[in-house]
Amino acid sequence: MQFPRILSFGRTGEELLEILALRPASLEGLRVLDCPGGPGSLSAALRRHGAHPTAVDPGYALPLDEFETCTFRDIEAVADQIAGDEIFRSDFEQRRYLASKFKAYQQFLEDRATYPGDYIAASLPNLPFADERFDLVLSSSLLFSYSPAAHGGLLAGEGLGLEWHRQALRELMRVAAGELRVYPAHTQHGSEAVLHPYVKPLLKTIDPAWTSTFFHSPCDQGIKGATVGLLFRRGVPKK
């Protein structure tokens, strides 16, 4: 799949918790940042499990009707390309996948209406938060995903290049007090998911106060191959 812009569509919160390999019991009391939050319902799920979430996304600056139009347009844009994409396994259920996007949006609307102050218009690589503001920072479906198509990403043209990724990763680490999870760290190569080419150069330049490892995502919408994310921890000594 290739797109001319970064899309505005989200996943359900429970699906994202599974994709990010997070145990709900570990979330109680944590200050959590979802960046970008988009029209997904991760904040709602985090709240149900006792966390204190904040979601940021540039789309939150839009009037709600315009944001909804963008969301529905982008869900359709994905639907138009899914059928011919060989990255998906034969058992992939397209109708269920698309239905989950609309479900996530409805959950997002309900949570944002109840907690409007927890949805902030902002974007990487500049976030309006103090250093180490959050215990846990989560970033899904932006880094690596929207790198140039020539580098394995979804964006036709320039996309988000390696230098942007360095700045964005540095900023996510700045606001994280303990842990940062970034998903995905893979890209498509033929019909298989493989490690994104930006990962190794980025890991060479991270702050030495952080350690990094990979986590395997237990599910990601029927994609073939190893679907992985990056897990960073602050102040954990290397073994």
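1. Basis of the note. The model is predicted, so that local features need pLDDT of at least 70 and side-chain atom pairs count only at pLDDT 80 or more, whereas totals for chains, interfaces and linings use all residues. Residues are numbered from 1 along each chain as its sequence is written, and side-chain values use heavy atoms, with hydrogens and water left out.

2. Overall make-up. The chain has six helices and nine strands, where helices (H or I, at least four residues) and strands (E, at least two) are DSSP runs numbered from the N terminus. Of the 239 residues in the chain, 50% are buried; buried means under 20% relative accessible area, exposed means over 50%, and partly exposed covers what lies in between, with a 1.4 Å probe and protein chains only. The chain exposes about 11200 Å², and carbon and sulfur atoms supply 52% of this area, which comes from the Shrake-Rupley method with a 1.4 Å probe.

3. Contacts along the sequence. A contact means heavy atoms within 4.5 Å. Among contacts between residues at least 6 apart in sequence, 73% join residues at least 24 apart. Thr71, found in helix H3 (residues 64–82), counts as buried at 1% relative accessibility. Leaving aside neighbours within four places in sequence, Thr71 is in contact with Ser8, Pro39 and Tyr105.

4. Side chains of opposite charge can pair when their charged atoms come close. The rule used here asks for a side-chain nitrogen of Lys or Arg within 4 Å of a carboxyl oxygen of Asp or Glu, and by this rule the count comes to 13 salt bridges. One of them joins the side chains of Glu14 and Arg48, at 3.2 Å from N to O. This pair links distant parts of the chain, with Glu14 in helix H1 (residues 13–19) and Arg48 in helix H2 (residues 42–48), 34 residues apart. Glu14 is partly exposed, with a relative accessible area of 37%, while Arg48 counts as exposed at 52% relative accessibility. Another salt bridge joins Arg47 and Asp111, whose closest N and O atoms are 2.7 Å apart. Because Arg47 lies in helix H2 and Asp111 in helix H4 (residues 94–114), the pair ties together parts that are 64 residues apart in sequence. Arg47 and Asp111 are both buried.

5. Which helix holds both Arg174 and Glu171? Both are in helix H5 (residues 162–174), and because they are three residues apart there, about one helical turn separates them. Arg174 counts as partly exposed at 24% relative accessibility, whereas Glu171 is buried, with a relative accessible area of 11%.

6. Aromatic rings. Rings of Phe, Tyr and Trp (its six-membered ring) pair if their centres lie within 6.5 Å, and planes under 30 degrees apart count as stacked, over 60 as edge-to-face and the rest as tilted. A search of the whole structure finds ten aromatic pairs. The rings of Tyr60 and Phe108 have their centres 5.9 Å apart and their planes at 20 degrees, so this pair is stacked. Tyr60 is in the loop between strand S2 (52–56) and H3, and Phe108 is in helix H4, 48 residues apart; both Tyr60 and Phe108 are buried. Ring pairs link Tyr60, Phe67, Phe72, Phe102, Tyr105, Phe108 and Tyr119 into a cluster.

7. Charges over rings. A charge sits over a ring if NZ of Lys or CZ of Arg is within 6 Å of the ring centre and within 35 degrees of the ring normal. The charged end of Arg47 sits over the ring of Tyr115, 3.7 Å from the ring centre, and that of Arg133 sits over the ring of Phe134, 4.8 Å from its centre.

8. Nonpolar cores. A nonpolar core is a set of buried Ala, Val, Leu, Ile, Met, Phe, Trp, Tyr and Cys residues joined through side-chain atoms within 4.5 Å. The largest such core has 40 residues, and those with the most contacts inside it include Leu33, Leu124 and Phe232. H5 gives the most to this core, with five residues. Apart from it lies another core, of 16 residues, among them Leu22, Val32, Leu42 and Ala51.
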